[in-house]
Amino acid sequence: MSASFTIAIDGPAAAGKGTLSRLIASHYGFHHLDTGLTYRATAKALLDAGLPLDDEGIAETIARRLDLSGLDRATLARHEIGEAASRIAVMPAVRRALVEAQRRFAAKLPGTVLDGRDIGTVVCPNAPVKLYVTASPEVRAKRRFDEIIAGGGSAVFDDVFADVRKRDDRDMGRADSPLRPAADAHLLDTSEMSIEAAFQAARDIVDDALTQEQRSGSR
């Protein structure tokens, strides 16, 4: 292909979109970007430098300097970084800077998989494949709870569930780029679906889009 083939994957927390995105990227040999990490990396840079989290101009400057090749999921998963990221993610200037970086990433050949909250609606609205991966709040909270316990941590399910609902309200209710499925997105509800079944369903959608792309390119 002469142009990048982009797969946009959106959805709420703990719906399985991250795991699914990495599987899809690996299967097709595409580049993968968890766009949520770009906000976390910006927040970490601010924290490391002792800079304020409430100065939009400073946060934008840091966001524009971000190197997308050095995002470490394990390091950026820390709770305090996530809390800081939620504060800067509502800043329009920061969002603009990171969306520009994400769009540059999406142009990489031969193809890319981007997952986040606003990929199909804002970052890559013309992506040939858009998936909206979701699950019930109860199922997502159980997955997050099990993940914490399996990692050796401690948690109370009711607290995890409340946190999931709070994050949903924040993501879906924000004025700038709220979480919602694109009008032409394929819905994957993983509430009662294994990751293998979700992966197969996604592959069917991607394969069909790739076939259509190849046909239109050969005309």
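Mentor: Glu83, Asp158, Asp159 and Asp163 gather in a patch of negative charge on the surface. Bear in mind that this is a predicted model. Helix α9, which spans residues 157–173, gives the most to the negative patch, with three residues. Asp158 lies in helix α9. Its relative accessibility is 57%, so Asp158 counts as exposed, the cut-off being over 50%.

Asp168 forms a salt bridge with Arg140, and their closest N and O atoms are 2.5 Å apart. Because Asp168 lies in helix α9 and Arg140 in helix α8 (residues 137–150), the pair ties together parts that are 28 residues apart in sequence. Asp168 counts as buried, at 5% relative accessibility, and Arg140 is buried too, with a relative accessible area of 2%. Both values fall in the buried class because that class takes in residues under 20%.

Helix α8 has a further pair. Glu147 forms a salt bridge with Arg144, the closest N and O atoms being 3.6 Å apart. These two residues are three apart in helix α8, so about one helical turn separates Glu147 from Arg144. Glu147 counts as exposed at 53% relative accessibility, while Arg144, at 25%, counts as partly exposed. Elsewhere, salt bridges that share partners join Glu60, Arg64 and Glu100 into one network.

A pair within one helix is also found in α2 (residues 36–48). There, Lys44 forms a salt bridge with Asp48, with the closest N and O atoms 2.6 Å apart. Lys44 and Asp48 are four residues apart in this helix, and therefore about one helical turn lies between them. Asp48 is exposed, its relative accessible area being 55%. The count for the model comes to 11 salt bridges.

Note on methods: Residues are numbered from 1 along each chain as its sequence is written. This is a predicted model: local features need pLDDT of at least 70, side-chain atom pairs count only at pLDDT 80 or more; totals for chains, interfaces and linings use all residues. Side-chain values use heavy atoms; hydrogens and water are left out. Patches are made of residues with over 30% relative accessible area and no salt bridge: like charges are joined within 9 Å, nonpolar side chains (Val, Leu, Ile, Met, Phe, Trp, Tyr) within 5 Å. Accessible areas come from the Shrake-Rupley method with a 1.4 Å probe; for residues, only the protein chains shown count as cover. A salt bridge is a side-chain nitrogen of Lys or Arg within 4 Å of a carboxyl oxygen of Asp or Glu. Lys and Arg count as positive and Asp and Glu as negative; His and the chain ends are not counted. The place of a charge is taken as NZ of Lys, CZ of Arg, CG of Asp or CD of Glu. Buried means under 20% relative accessible area, exposed over 50%, partly exposed in between (1.4 Å probe, protein chains only).
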